[in-house]
Amino acid sequence: MTITKKERRIAIGIGIAIGVAFSSMLVRYAFQFKESKMQARPGNYDSLVTAFDGSAFEPLPEKIRMVLPHGLVVHYEANRPILSQTKRVTSKSWVIETSGSFRSERLFVLAEENFEGNVSKIDFYRASELYLKFHHPTDVDSFKLKIDSERFRIIGKNSSSGEWILQIKRFSPSDIVKTINELKREFPELSTIRPVLWVPSR
């Protein structure tokens, strides 16, 4: 039995429609599978476990999610203020890995939520950098020779404030505090050491 041209066109059209529908279904399934896998990945905001050691972290406040919508939680610590200058009752700190202006640039941002009573305040810092200032400008050269190059590196200078930028290798919230105290103790030539505030780009 032969089929007419019209019947052949209809059969081909049905075949194409079935193929397109099946292909779309496979693509949707692949995206859903990828999404569920990403959500379970350590460090993902919905996984609630850190990428560094798999320890649990509390859900991020909405403000942090809005400022850093795509990131991985590397470290989390709670119940004590980390970098705030005033005493607070409680605090929570997340170190989040995110991307910078260029796709190859990785940023580590410390998001710190502090509470004064029921009022929440959130500050952002560059987790892997500190600002340094010396009593004498020439001290920076001897400082570079004395620091552990495995842990520290001078990467530049802030032209407006005159402070040097020190990159640090260990930057969990408690490591940042320990590093600041260590540098103050071991290097009297430093006049100031402070965390670097991070301002989200608009």
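Predicted model: local features only at pLDDT ≥ 70, side-chain atom pairs only at ≥ 80, totals over all residues.
Q: How many aromatic pairs does a search of the whole structure find?
A: A pair of aromatic rings is described by the distance of the centres and the angle of the planes. When the whole structure is searched, the number of aromatic pairs found is five.

Q: Is the pair of Phe 108 and Phe 171 stacked, edge-to-face or tilted?
A: The ring centres of Phe 108 and Phe 171 are 4.7 Å apart. Planes under 30 degrees apart would count as stacked and planes over 60 as edge-to-face. The planes of Phe 108 and Phe 171 stand at 45°, so the pair is tilted.

Q: How many residues apart in sequence are the parts tied together by Phe 108 and Phe 171?
A: Phe 108 has a relative accessibility of 15% and counts as buried. Phe 171 is likewise buried, at 11%. Phe 108 belongs to strand S3 (residues 106–116), while Phe 171 sits in the loop between strand S6 (164–168) and helix H4 (173–186), so the parts tied together are separated in sequence by 63 residues.

Q: Is the pair of Phe 143 and Phe 187 stacked, tilted or edge-to-face?
A: The centres of the Phe 143 and Phe 187 rings are 4.9 Å apart. Their planes meet at 70°, and an angle over 60 degrees is the criterion that applies. The pair is therefore edge-to-face.

Q: Which residues form one aromatic cluster with Phe 143?
A: Phe 143 lies in helix H3 (residues 139–146) and Phe 187 in the loop between H4 and strand S7 (190–197), 44 residues apart. Both Phe 143 and Phe 187 are buried. The residues that form one aromatic cluster with Phe 143 are Phe 134 and Phe 187.

Q: Which element gives the largest share of the largest nonpolar core?
A: The largest nonpolar core has 24 residues, and those touching the most other members are Leu 132, Phe 143, Leu 166, Ile 176, Leu 183 and Leu 190. Two or more residues each come from S3, strand S4 (119–134), H3, S5, S6, H4 and S7. The largest share, five residues, is given by S4.

Q: How many residues are in the other core that lies apart from the largest one?
A: In soluble globular proteins, nonpolar side chains tend to be buried together. Here, another core lies apart from the largest one, with Tyr 45, Phe 57, Ile 64 and Phe 124 among its members. The number of residues in this other core is 15.

Q: Is Leu 48 buried, exposed or partly exposed?
A: Leu 48 lies in the loop between helix H1 (5–40) and helix H2 (62–67). Although not a glycine, Leu 48 has a positive phi of about 60°. Its relative accessible area is 32%, which means that Leu 48 is partly exposed.

Q: Which residue meets Asp 123 in a salt bridge?
A: Asp 123 is found in strand S4 and counts as buried at 14% relative accessibility. Beyond its neighbours within four places in sequence, Asp 123 is in contact with Leu 110, Ala 111, Glu 112 and Asn 114. Its salt-bridge partner, at 2.6 Å from N to O, is Lys 121.

Q: Where does Glu 189, the salt-bridge partner of Lys 146, lie?
A: The closest N and O atoms of Lys 146 and Glu 189 are 2.8 Å apart. Lys 146 is in helix H3, and 43 residues separate it from Glu 189. Glu 189 lies in the loop between H4 and S7.

Q: Which residue forms a salt bridge with Arg 151?
A: Arg 151 is found in the loop between H3 and strand S5 (152–157) and is buried, with a relative accessible area of 16%. Not counting residues up to four places away in sequence, Arg 151 touches Gln 167, Ile 168, Lys 169, Arg 170, Thr 179 and Glu 182. The side chain that meets Arg 151 in a salt bridge, at 3.1 Å from N to O, is that of Glu 182.

Note on methods
Residues numbered from 1 in each chain as written. Heavy atoms only, no water. Phe/Tyr/Trp six-rings, centres within 6.5 Å; stacked < 30°, edge-to-face > 60°. Helix = DSSP H or I, 4+ residues; strand = E, 2+ residues; numbered from the N terminus. Buried < 20%, exposed > 50% of the residue type's maximum accessible area, 1.4 Å probe, protein only. Contact = heavy atoms within 4.5 Å. Core = buried A, V, L, I, M, F, W, Y, C linked by side-chain atoms within 4.5 Å. Salt bridge = Lys/Arg side-chain N within 4 Å of Asp/Glu carboxyl O.
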